[in-house]
Amino acid sequence: MILENYIECMNNSDFEGIALLFTEDCRFNDGGGRTIHVDDLVVTGRQELKAAFKEVWKQYKVRAKIVKLNANSMEYDVCLGDVVLPCIGCATLKDDLIDEYIVRPR
């Protein structure tokens, strides 16, 4: 499943792999860090998404673990160093790629 691939790429710091899971003009809104007062990461487009992920990885050691997986959504824990962020993400697919991905705290 595409969301499993997303987590695998995250855990391998594979920014190119992450970007290739998304459409060229994707929309990405990650509000998973709201519980620790981090602004939402909002980007549009595959290249902007790839650049944003690179920046996050410069600041933190990022790991993720799936808690519950559904067809187009999942509950997962994202670790930014020692901080664990329980998240829920929902993907809208287009042509078997992620066109929109929204993440919120769970």
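**Exercise 1.** Is Phe53 buried or exposed?

*Solution.* The model is a predicted one, in which local features need pLDDT of at least 70 and side-chain atom pairs count only at pLDDT 80 or more, while totals for chains, interfaces and linings use all residues. Residues are numbered from 1 along each chain as its sequence is written, and side-chain values use heavy atoms, with hydrogens and water left out. The cut-offs come next: buried means under 20% relative accessible area, exposed means over 50%, and partly exposed lies in between, with a 1.4 Å probe and protein chains only. Phe53 has a relative accessibility of 5%, and therefore counts as buried.

**Exercise 2.** Work out which strands stand at the edges of the sheet, and what follows for them.

*Solution.* Begin with the terms: strands (E, at least two residues) and helices (H or I, at least four) are DSSP runs numbered from the N terminus, and two strands pair if DSSP finds at least two bridges between them. The sheet is open and has six strands in the order S2-S1-S6-S5-S4-S3, with mixed pairing. Strand S2 (41–44) and strand S3 (62–69) are the edge strands, each with a single partner strand, so one side of each is left without a neighbour in the sheet. On average, neighbouring strands of this sheet are turned by 25° against each other, direction ignored; the axes behind such angles are lines fitted to C-alpha atoms, for helices over the stretch in contact, and angles run from 0 to 180 degrees between N-to-C directions.

**Exercise 3.** Describe how S3 pairs with strand S4, and which helices pack on the sheet.

*Solution.* S3 and strand S4 (residues 73–80) pair in the antiparallel sense over seven bridges, and Arg63 has Cys79 in S4 as its bridge partner. Helix H1 (residues 2–11) packs on the sheet, where contact means heavy atoms within 4.5 Å. H1 touches strand S1 (22–30), S3, S4, strand S5 (83–94) and strand S6 (97–105), and its direction makes about 160° with that of S3. Helix H3 (residues 46–59) also packs on the sheet, touching S1, S2, S3 and S6, with its direction at about 45° to that of S1. As for burial, seven of the ten residues of H1 are buried, so H1 is largely enclosed by the rest of the structure; among them are Ile2, Leu3 and Tyr6.

**Exercise 4.** Trace the aromatic pairs that involve Tyr6, and say what they tie together.

*Solution.* Rings of Phe, Tyr and Trp (its six-membered ring) pair if their centres lie within 6.5 Å, and planes under 30 degrees apart count as stacked, over 60 as edge-to-face and the rest as tilted. The structure holds eight aromatic pairs. Tyr6 and Phe22 form an edge-to-face pair, 6.1 Å centre to centre with 70° between the planes. Tyr6 lies in helix H1 and Phe22 in strand S1, so this pair ties together parts that are 16 residues apart in sequence. Both ends are buried, Tyr6 at 2% relative accessibility and Phe22 at 0%. Tyr6 and Phe53 form another edge-to-face pair, 6.3 Å centre to centre with 85° between the planes. Because Phe53 lies in helix H3 and Tyr6 in helix H1, that pair ties together parts 47 residues apart in sequence. Ring pairs link Tyr6, Phe15, Phe22, Phe28, Phe53, Trp57 and Tyr101 into a cluster.

**Exercise 5.** Find which element supplies the largest share of the lining of the largest pocket.

*Solution.* On a 1 Å grid over the protein atoms alone, a pocket is an open set of points where a 1.4 Å probe fits, with protein on both sides within 12 Å along at least five of seven lines, and lining residues have an atom within 4 Å of a point. The largest pocket has a volume of about 440 Å³, a volume being the space filled by probe spheres set on the points, which are joined across faces, edges and corners. Its lining has 24 residues, of which Asp30, Val38, Leu41, Val56 and Leu80 lie nearest the centre. H1, S1, H3, S4 and S5 each supply at least two lining residues, and the largest share, six residues, comes from H3.
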